[in-house]
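Keep the 3D view open as you read.

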Amino acid sequence: YQDHSEYFSTNALSNHSDDKIFHSDYFWFGKGKRQVEIKIRIDGVSLDEMNIIEIRIHSYPTYNSKNLKCVYEKEIEVSGNMSVIETVEFRTDENCNYAFLCNLKSGNISCGSISIESWNTHEEVSELLVNTENEGVHIL
């Protein structure tokens with residue numbers, strides 16, 4: 001998680017100006033089909049407004065990191081005490097790197113855990129990229 005350790009503190013629902021819930025490192029996957037499964041446990045939400053998160057996949061060419069593009073995005077309305085499980089299949093380019101991220105579009109949420117797994121669809125064994133099981137993840 002790129003510099004978002006403040007979300008793993010125990011300060012419940014403290015105010016943050018950054019709308020990133022998480023942002024993985026960038027990974028090179030070669031060429032082919034991949035799947036990613038993103039799991040987010042939502043513990044609490046604001047009762048005064050809609051609570052919407054946005055899951056995204058970003059990529060950039062290996063030798064041109066300034067040419068960032070979004071290759072997948074989806075908004076999801078969330079409620080308290082729910083689990084979000086988003087599975088995405090996408091084609092990778094051997095000349096690009098990929099990252100997985102989630103933004104808070106509206107509302108106020110508290111996450112209990114975040115897990116990201118990605119694997120080549122032609123292989124049966126999962127390559128675990130990020131697995132975080134932290135209590136008290138709070139996003140505003």
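**Strand β7 and its partners**

In β7, Y98 is the bridge partner of F27. This is a predicted model. F27 belongs to the pairing between β7 and strand β2, residues 27–28. That pairing is antiparallel and has two bridges.

Strand β7 covers residues 96–106. It has further partners. β1 pairs with β7 in the antiparallel sense, over three bridges. On the β7 side, N103 stands opposite K20. Strand β4, residues 52–61, also runs antiparallel to β7. Ten bridges join β4 and β7. One place to look is I53, which stands opposite L104 in β7.

How many residues of β7 are buried? Nine of its eleven residues are, so the strand is largely enclosed by the rest of the structure. C96 is an example to check: its relative accessible area is 10%. The cut-off for buried is under 20%, so C96 counts as buried.

**The nonpolar core**

Now turn to the side chains. In soluble globular proteins, nonpolar side chains tend to be buried together. In this model, the largest nonpolar core holds 24 residues. Which of them touch the most other members? They are I21, I40 and I53. Several elements give two or more residues to this core: β1, β3, β4, β6 (82–92), β7 and β8 (109–120). β7 gives the most, with five residues.

**Around D19**

Next, go to the segment before β1, where D19 is found. β1 itself spans 20–23. Is D19 buried or partly exposed? Its relative accessible area is 35%, so D19 is partly exposed. Set aside the neighbours within four places in sequence, and D19 is in contact with C102, N103 and L104. In sequence, D19 and C102 are 83 residues apart. In space, their C-alpha atoms are 8.7 Å apart.

**Around C70**

C70 sits in strand β5, residues 69–77. It is partly exposed, because its relative accessible area is 30%. Which residues does C70 contact, leaving aside its neighbours within four places in sequence? The answer is R56, I57 and H58. C70 and R56 are 14 residues apart in sequence. From C-alpha to C-alpha, the distance between C70 and R56 is 6.9 Å.

**A buried arginine**

Strand β3 covers residues 32–45, and R34 lies in it. Is R34 buried or exposed? R34 counts as buried because its relative accessibility is 3%. Its side chain has a polar contact with the side chain of S118. That contact is 3.1 Å.

**Cysteines without disulfides**

Finally, look at the cysteines. How many disulfides does the structure hold? It holds zero. Take C111 as a case. At 1% relative accessibility, C111 is buried. The cysteine sulfur closest to that of C111 is in C102. A disulfide needs the sulfur atoms within 2.5 Å.

Definitions and conventions: Residues are numbered from 1 along each chain as its sequence is written. This is a predicted model: local features need pLDDT of at least 70, side-chain atom pairs count only at pLDDT 80 or more; totals for chains, interfaces and linings use all residues. Side-chain values use heavy atoms; hydrogens and water are left out. Helices (H or I, at least four residues) and strands (E, at least two) are DSSP runs, numbered from the N terminus. Buried means under 20% relative accessible area, exposed over 50%, partly exposed in between (1.4 Å probe, protein chains only). A polar contact is a pair of N or O atoms within 3.5 Å; within protein, one must be able to donate a hydrogen and the other to accept it, and residues adjacent in sequence count only if both atoms are side-chain atoms. Contact means heavy atoms within 4.5 Å. Two strands pair if DSSP finds at least two bridges between them. A nonpolar core is a set of buried Ala, Val, Leu, Ile, Met, Phe, Trp, Tyr and Cys residues joined through side-chain atoms within 4.5 Å.
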